[in-house]
Each structure stands twice: as structure tokens, then as C-alpha cells.
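Let's walk through this structure together, one piece at a time.

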Amino acid sequence: MHELASFDRLIARSHPSLSPLNKPAARLLRDPEGQVVSTLASGPDLARRILFAAHRVAAGDWLGLLADENRARGLQQAWRLALLRAERHGQPRTLRDGGPLWLSPALPGRPGLAPALLRQQAEALALRQLWQQGWRW
């Protein structure tokens, strides 16, 4: 047993990602009623995976940034994280079919702001809303 622990420490020092001690712990995502929705491991895209699981994003659905024309001010465009659901009968939905489900509040799109950063900010706000609604680990 001692040799196994020594070996693991040696691996952890030379290759931290290979050590069983450094494996990301899986966490259970629970909805406001306490039902387990998904098991998720830590990682760089955890916020996005939580949003996908919580909103039950399926194949054919689209989740991304959309301009919110109602919140634009002058030359500054407002952006929101939005979910468009695909029709389950093979035909895609359009904005005229009921519009997007807005997942985040509006964010100002300042000139020079990287789209990836804007998306991260929108995902963080959408995630904060989930926690406020009672979602938890």
C-alpha cells in the first residue's frame, strides 16, 4: 500500500492530470425541486454544460448570443444569451415561431469587446439566474 501511495505522489508531481487524486469530482446538478438533472465534472466549460443540462438543450437546439433589438441604445447593441428550440418534427423553429427563450439579462456590446468574452459574461449571468431560481449542487 505504501508503494502505491508513493507511486501516486510521484505521478502527481510529474503529471498532475494523470493522478487519481487529481480527478475532478463529479457533482450532481439539482433543479429547484431537488431532482437530479445531471452529473457534471469540473472543467473549463462547466458553466456552459450546466446551462445545457438545466435547460435540457437537445440536438438541433441552438444556444448562443442574440442581439436584443428592444434593449439597444443608440449605436450600442444589447446582447443576450438565448435558446432557440428545434421543432421535434424535423422543421427548425424561427424567431417568428415564438421567439427565443432569453437566458440572461441584456449586456452592452461595446466596440472592441471580444465576442468570446461577451458570451462568457452572458453565460455567467444566466448561471447566476439559475442559482437564484433555486438550482444547486
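A polar contact here is a pair of N or O atoms within 3.5 Å; within protein, one must be able to donate a hydrogen and the other to accept it, and residues adjacent in sequence count only if both atoms are side-chain atoms. Keep that in mind for Ser104, whose side chain reaches the backbone nitrogen of Leu81 at 2.9 Å.

Before going further, a word on what you're looking at. This is a predicted model, in which local features need pLDDT of at least 70 and side-chain atom pairs count only at pLDDT 80 or more, while totals for chains, interfaces and linings use all residues. Residues are numbered from 1 along each chain as its sequence is written, and side-chain values use heavy atoms, with hydrogens and water left out.

Now for the overall layout. The protein chain has three helices and six strands, and read along the sequence they follow the pattern α-β-β-α-β-β-β-β-α. Both kinds of element are DSSP runs numbered from the N terminus: helices are H or I with at least four residues, strands are E with at least two. Of the 137 residues in the protein chain, 31% are buried. Buried means under 20% relative accessible area, exposed means over 50%, and partly exposed is in between (1.4 Å probe, protein chains only). The accessible surface of the chain comes to about 9,300 Å², and 56% of that belongs to carbon and sulfur atoms; the areas come from the Shrake-Rupley method with a 1.4 Å probe, and for residues only the protein chains shown count as cover. As for contacts (heavy atoms within 4.5 Å), among those between residues at least 6 apart in sequence, 46% join residues at least 24 apart.

With β3 (residues 62-67), β4 pairs in the antiparallel sense over six bridges, and Trp62 stands opposite Leu84. With β6 (residues 107-109), β4 also runs antiparallel, joined by three bridges; there, Gln77 has Gly109 as its bridge partner. With β5 (residues 101-102), β4 pairs in the antiparallel sense over two bridges, and Leu83 sits opposite Leu101.

Next, find helix α3, residues 115-132. Its 18 residues reach 26 Å from the first C-alpha to the last, close to the 26 Å expected at 1.5 Å a residue. That expected span is 1.5 Å times one less than the number of residues. Which parts of the fold do the buried residues of α3 pack against? They pack against α2 (46-54), β3, β4 and β6. The buried set in α3 is Leu118, Ala122, Glu123, Leu125, Ala126, Leu127 and Leu130. After α3 comes Gly134, with a positive phi near 110°.

Back to Ser104, in the loop between β5 and β6. Ser104 counts as buried because its relative accessible area is 2%. Leaving aside residues up to four places away in sequence, Ser104 touches Arg80, Leu81, Ala122, Leu125, Ala126 and Gln129. Gly64, in strand β3, is buried as well, with a relative accessible area of 1%.

Over in strand β6 you'll find Pro108. Is Pro108 buried or partly exposed? Pro108 is partly exposed, because its relative accessible area is 37%. Pro108 and Trp79 are 29 residues apart in sequence, with their C-alpha atoms 6.3 Å apart in space.

Most residues other than glycine have a negative phi. Arg56 has a positive one, near 50°.

Finally, the structure holds one aromatic pair. Trp131 and Trp137 form it, with 5.9 Å centre to centre and 50° between the planes, which is tilted. Rings of Phe, Tyr and Trp (its six-membered ring) pair if their centres lie within 6.5 Å; planes under 30 degrees apart count as stacked, over 60 as edge-to-face and the rest as tilted. Trp131 is partly exposed at 31% relative accessibility, and Trp137 is partly exposed at 30%.

Terms used: Pairing = 2+ DSSP bridges.
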